[in-house]
Amino acid sequence: KSSANEHKSKDPSSSNLGHPNLKWTNTAATGHRNNKVLVLFGGSTATSPIIDSLANSGLHAVNYDIADGIHRNILDDTIWYPLLKSIEAGDFSCLYAMPPSTTFRTVKLRIPQGRDRYGMKKLGPAAEESVRKQNLLAIRTFQALTTMQSINGTAVVEITCNADGQT
């Protein structure tokens with residue numbers, strides 16, 4: 001039984017993931033037990049192109065994004081730690097993450113080196129909270145990535161860049 005945040009595959013014969021460099025290999029051939037893909041920050045499951053691409057490729061996408069409601073918010077420890085245990089248990093054969101990075105690209109909020117890379121001093125409360133949340137999401141993305149690697153799973157982390165190519 002699938003919840004609203006899980007998107008079952010539509011066409012298992014397709015292997016195109018919506019990008020010419022991304023192809024899915026038959027999970028039986030790679031030794032994975034399932035075709036479940038954990039998607040972090042995929043946007044709303046109902047409208048996400050990545051969720052649709054994965055489903056059209058024969059994969060079962062499970063999305064965790066605040067856009068799908070508070071029960072999918074990985075800032076919440078009661079959501080995050082059971083999900084991390086699920087990754088450790090091998091419940092997913094692949095991780096695809098697109099963490100938000102707007103505060104990392106805004107010089108007014110942080111700079112690339114020194115103490116201020118964690119957030120400039122004297123930010124207003126809203127900006128400070130935004131930096132704090134994105135720091136935690138970056139850390140949790142790294143935890144998911146390293147956990148997936150520790151079980152020999154596949155992981156893709158996509159970081160968006162500014163128009164000038166800077167991350």
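The paragraphs below begin with confidence and overall layout and then turn to the strands, the helices and some single residues.

This is a predicted model, in which local features need a pLDDT of at least 70 and side-chain atom pairs count only at pLDDT 80 or more, whereas totals for chains, interfaces and linings use all residues. Residues are numbered from 1 along each chain as its sequence is written, and side-chain values use heavy atoms, with hydrogens and water left out.

The pLDDT (the predictor's confidence in each residue, from 0 to 100) averages 78 over the chain, and 70% of the residues score at least 70. Confidence is lowest in helix α1 (residues 27–30), with a mean of 46, and highest in helix α3 (residues 77–88), with a mean of 96. The pLDDT stays below 50 over residues 8–16, a stretch that has 27 contacts in the model beyond near neighbours in sequence, a contact meaning heavy atoms within 4.5 Å. Over residues 26–30 the pLDDT is also below 50, and this stretch has 5 contacts beyond near neighbours in sequence.

The chain holds 4 helices and 5 strands, where helices (H or I, at least four residues) and strands (E, at least two) are DSSP runs numbered from the N terminus. Along the sequence these elements follow the pattern β-α-β-α-β-α-β-α-β. Of the 167 residues, 38% count as buried, where buried means under 20% relative accessible area, exposed over 50%, and partly exposed in between (1.4 Å probe, protein chains only). Among contacts between residues at least 6 apart in sequence, 67% join residues at least 24 apart.

The strands can be followed through their pairings, and two strands are said to pair if DSSP finds at least two bridges between them. Strand β2 (36–40) is mostly covered, with 4 of its 5 residues buried. β2 is joined to β3 by 5 bridges, and the two run parallel; within this pairing V39 stands opposite N63 in β3. β2 also pairs with β4 in the parallel sense, over 4 bridges, and here the bridge partner of L40 is A97 in β4. β4 in turn pairs with strand β5 (residues 154–157) in the parallel sense over 4 bridges, with V156 in β5 as the bridge partner of Y96. In a regular strand the side chains alternate between the two faces of the sheet. In β4 (residues 94–97), C94 and Y96 point one way while L95 and A97 point the other way, and all are buried.

Turning to the helices, α3 has 12 residues and reaches 16 Å from its first C-alpha to its last, close to the 16 Å expected at 1.5 Å a residue, the expected span being 1.5 Å times one less than the number of residues. Its buried residues are I79, W80, L83, L84, S86 and I87. Seen down the axis of α3, these buried residues fall within an arc of 155°, so they line one face of the helix; the arc is that of the directions from the helix axis to the C-beta atoms. On the other side of α3, T78 and K85 are exposed. The cover over the buried residues of α3 includes β2 (36–40), β3 (60–64) and α4 (125–150).

W80 in helix α3 is buried, with a relative accessible area of 0%. Leaving aside residues up to four places away in sequence, W80 touches I74, R140, Q143 and A144.

Helix α4 has 26 residues and reaches 37 Å from its first C-alpha to its last, close to the 38 Å expected at 1.5 Å a residue. Its buried residues include V131, L137, R140, A144 and M148, and the buried residues of α4 pack against β2, α3, β4 and β5.

What remains is the backbone at a few positions. Most residues other than glycine have a negative phi, and most peptide bonds are trans. Just after α3, G90 takes a positive phi of about 80°. F41, although not a glycine, has a positive phi of about 70°; F41 lies in the loop between β2 and α2 (49–56) and counts as buried at 13% relative accessibility. N152, in the loop between α4 and β5, likewise has a positive phi, near 60°, in a residue other than glycine, but N152 is exposed, with a relative accessible area of 67%.
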